[in-house]
Amino acid sequence: MESISRISNLLESARELTLDAAQAARSSRSTARSLPTAQLKKLLDSRNDREILDGLRRVISMMYRQQRTLPFFSSVVKNVASPNIEIKKLVYIYLIHHAEQEPDMALLSINTIQKSLSDSNPQVRALALRTMSGIRVPVISQIVSLAIKKGAVDMSPHVRKAAALAIPKCYRLEPSTLPQLLEYMTTLLGDKQYFVAGAAVSAFMEICPDKIDLIHKHYRSLVKKIVDMDEWSQLAMLRMMTMYARKCFPRRTRSARAKDKTADLQDFYGDGASEPASEGEQIVVLDPDLVLLLNGIKPLLQSRNSGVVVAVARCYADIGTPQYTKASVGPLVALLRGAQDIQQVALYNIVSVCLAHPESFVKYASHFLVRATDAAPVWELKLEVLALIFPHSPLQTKSLILNELEHFSRGTNKSLVREAVRAIGRCAQADPATAPRCMRLLLGQITSLDGTLAAESLTVIRHLIQQDPQAHVGTVVRLAKNLDSATDPQARATIIWLVGEFSGLHSEDNIAADVLRILLKEFVGESEIAKRQIVLLAAKVYLHHINRTIEAQKAGEEDQGSPNSEDHPIARLWNYVLLLVRYDTSYDLRDRTRLYKALLSVPQLATLMLLASKPAPQAPSPSETRKGLMLGSSALVLAGGGGVHGLRGYEPLPDWVEEGREPDPKLRHQGGTGNEYGDEKRVLPAAQMLEDTTSSSNNKSNGLSSTAAGTGAKTLDDWLAEDEEEDEEDEDEENGDEVEEESVEEESEEEEDEDDNESEYESDDSKAELEGFLNR
């Protein structure tokens, strides 16, 4: 009979599974077709769990399709007491979504949810706590607080995690419950389970990120758990630890000595060894607890989550040393293998790191070559990285970068051409040794039929010429010869401006007057921007003529006519320019010409204004405006053109705490051992302890003490005297050991005598008890 009942139970369970599978398949096909309201209510009011589950699935599907589901509130909520966990989940989802619209009906289910907090199933308890905290009705804030208190000490870690995640919801519901929530959070921060501690850290960063006193005693345990946390908790942990380090670890430096091999004294067995520091250089000395953090998050560089990798790089850049930042370069470059949106965000962070440490990206130069499938923001950032690493690259890499930029400067995409030409100019400014090659590349493109390419090339050429004007006189002459072939207005204006800047060199053999004469023939057909430069060129040429005439008069030479003489060809050219501009349609051009005419009446003032030396223009990297923004922040990606910190809501990191004002390091010691920055002994890393041990053993093996090393070598008599003293000490120790052994033996004998006496007394007592019992 027992076997028959067992078989019938198996058949019944198989039948239930078959019906459930058929119901799920049917519901997946027919969910899109909604049932009438009366039929849905009939399903929800049924006593069959399968029909209730089908009705709830249809209601939830309607809810997420933005259909009206509020009329089913009473029918859904009354199923909250169902023992079926699948039904509970769907009812809780519906309840959280509609609790604000029907607060009175939602309050009726609170008692049932409270009872679920004491359920034997931890999944039900966690679900009930999550639901209660998600019901946004301010009246139940104290009930939610009590539920969190109960969940914070629950035996199940899943319930404790739900309690940690409920803390921010309760705080948003009623901010006055903050003191109680802080007590619960302190308990949860010290939880042994990593996913509970991670949820507590996320809650901490949301409601009280400035209360770092809650973190002190849990600091080391949190650092050890960060590797095992989920990605969201790791992001919150890294953000919190960065702020904690800035507020608790002062930035200490010391002058490097010639014997220093590494800049980081706490380097673990030389894993992050750096180049030898020059004598007198300032070296950053890291706190041991900060080193524990920096080394503890290093495995996260291999995380599959790109946000975690960027967060670790930010942590190293903000609170670490350059050695740690260089360790994050490879994982950042590896993010370029992802999707295009990830590539773009990763490149913004790469450029920000590259601005500070360009030499670290040199070996990854091939990863920044532009591909045909790259979007515009991606190839703009790649070209920027190539220009940044150019001066730090070897010759073959420089040649590769220039060939790449030359190729794209001759393309058909005007935006790409413009950025490539600008990148060539930045490369030439950053590395003067390659400036001649860059100049040849740019000069070969000024005759291009593409006006955009010619204009951009000439703008970059102008910047390079202004770096060293005396070395580029021949270049200006070559540009003037190509003036007829230049058709772009901006390109012609740039060449005319350069000719005017060099109009004072070789006064008698200068080509500026001839160029002005040729330009005036087609003055009427020129663009307005070119006309402005022609008028400026005429004013400069005429001013140089006036200054030469005045100098000749002061030198006592023969009178060559007054400065205002109409006989000299340059004076005639100036008068002709005034005549042409007088009838021009541009009022701006006419006003400029009148200004120059009035200014030339005072040659000294005109010389100060028109012939003053211009500072050499610099072409900074386009991302210089983002410098200083935190890695991984949205401001780094979105606030490029708005200036530094141009995005609302951006919060910069706090400054480093001043030395002497940091919290007591003893607060971070779980065992209560002292570790101050002052006179007490500090916790030393393994590398430093190994060095101290090695140095002491070397001193012993050499036979020189610290005092002897300073006085000189020992004689034979000293060695013999030391041997005799050692022998006497050994004899004294042996005699002392013998005396101690004798005293120990005497004590043991006395104890044995006492034990014998006690045993005799015990045997006499037992005999007396036995005789008394027999006498009875």
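**Exercise 1.** Find which residues Phe 368 is in contact with, leaving aside its neighbours within four places in sequence.

*Solution.* Contact means heavy atoms within 4.5 Å. With that rule, and with neighbours within four places in sequence set aside, Phe 368 is in contact with Val 333, Leu 336, Leu 347, Ile 350, Phe 361, Lys 382, Val 385 and Leu 386. The model is predicted, so local features need pLDDT of at least 70 and side-chain atom pairs count only at pLDDT 80 or more, while totals for chains, interfaces and linings use all residues. Residues are numbered from 1 along each chain as its sequence is written, and side-chain values use heavy atoms, with hydrogens and water left out.

**Exercise 2.** State which members of the largest nonpolar core touch the most other members.

*Solution.* A nonpolar core is a set of buried Ala, Val, Leu, Ile, Met, Phe, Trp, Tyr and Cys residues joined through side-chain atoms within 4.5 Å, where buried means under 20% relative accessible area, exposed over 50%, and partly exposed in between (1.4 Å probe, protein chains only). The largest such core has 202 residues, and Ile 148 and Phe 368 touch the most other members.

**Exercise 3.** Describe the aromatic pair of Tyr 219 and Tyr 244, and then that of Tyr 542 and Trp 574.

*Solution.* Rings of Phe, Tyr and Trp (its six-membered ring) pair if their centres lie within 6.5 Å; planes under 30 degrees apart count as stacked, over 60 as edge-to-face and the rest as tilted. By this rule there are 8 aromatic pairs. In one of them, Tyr 219 and Tyr 244 are stacked, at 5.1 Å centre to centre with 20° between the planes.

Tyr 542 counts as buried because its relative accessibility is 8%, and Trp 574 is buried with a relative accessible area of 5%.
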